[in-house]
Amino acid sequence: MTTNPKTALVASALAGLLLGTAACASSGGTDAASGGGTLSFTRLKSTVQGLGPDPACPFGLDLAGALKAVGIERGITPGSGTGHPVRAEVVPPEQAVPLPTGTTPAPAPATLPARPENVQVWCSYNAGRTPVEIGVVAAPAEGIAVNLVLPYIQRAGDLTTEQVVTVSAEQPSPGQAKTSPGRGSVAIARVGVADKGDLALLVSQGTEAPSTDTALTGEPLRALAEKLAAQLHA
């Protein structure tokens, strides 16, 4: 997959700008079918802080079972193209900073808004020969988990700036999943949490896949994200 660097920079700026206004869908309430009764930002942060240097994916996900449930049977192995199959971190908060020159759509603030502390876990697999990357992003503020990773969604989905704005504006409600515009190569599920905050699960073929496996796009990918979100626990 190739990405226009200028488009990626604009998408990054948009991600910051969109943090200034919460996503349209509220993250309030919990959804037992999507793990909401057991998940919270605080618990996920504690889970990540307790991981060793080379951990397994900490959420008890059964990717092979979820794929089979949506009609795709593949052998699953740990991903090898990213260095470590599991990357997990507590991302520190960021203060507001000036936008790069030339990236401020008018009218718009001249700075990227401050970002809250957030938790990100990325688990990489191979489903047969196809890379599958599952990301879990949690934040203590409502309606912003998806916006925190818009640059990733832009790259993995090969999206235009306008499509990135659509992703932010038309997020799924907790307990639901949607795919990105265009080829539908990124699925986004929002998961109910047990306290204030926001949690999103993303499924894609990653940002480095040499070609797109169309069997894992569109509705099958959306259904896969929905199944994985229902499995999610910490």
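Is the link of Cys 57 and Cys 123 right-handed or left-handed?

Reply: The link of Cys 57 and Cys 123 is right-handed, with 85° about the S-S bond. This is a predicted model, in which local features need pLDDT of at least 70 and side-chain atom pairs count only at pLDDT 80 or more, while totals for chains, interfaces and linings use all residues. Residues are numbered from 1 along each chain as its sequence is written, and side-chain values use heavy atoms, with hydrogens and water left out.

The structure holds one disulfide (a pair of cysteine sulfur atoms within 2.5 Å). Its S to S distance, between Cys 57 and Cys 123, is 2.0 Å. Because Cys 57 lies in the loop between α2 and α3 and Cys 123 in strand β5, the pair ties together parts that are 66 residues apart in sequence. Helices (H or I, at least four residues) and strands (E, at least two) are DSSP runs, numbered from the N terminus. Cys 123 has a relative accessible area of 1% and is therefore buried; buried means under 20% relative accessible area, exposed over 50%, and partly exposed in between (1.4 Å probe, protein chains only).

A nonpolar core is a set of buried Ala, Val, Leu, Ile, Met, Phe, Trp, Tyr and Cys residues joined through side-chain atoms within 4.5 Å. This core has 36 residues, and those touching the most other members include Ile 134, Leu 201, Val 203 and Leu 228. Leaving aside residues up to four places away in sequence, Leu 228 touches Leu 61, Asp 62, Leu 63, Ala 66, Ile 134, Leu 201 and Val 203 (contact means heavy atoms within 4.5 Å). Another core, of 20 residues, lies apart from it and includes Leu 148 and Ala 200.

Strand β8 (residues 186-190) has five of its five residues buried. Val 186, Ile 188 and Arg 190 point one way from β8, whereas Ala 187 and Ala 189 point the other way. Strand β8 runs antiparallel to β9 (residues 198-204), to which five bridges join it; strands pair if DSSP finds at least two bridges between them. In this pairing, Ala 187 stands opposite Val 203. Three bridges join β8 to β7 (residues 177-179), also antiparallel, and here Ala 177 faces Ala 189.
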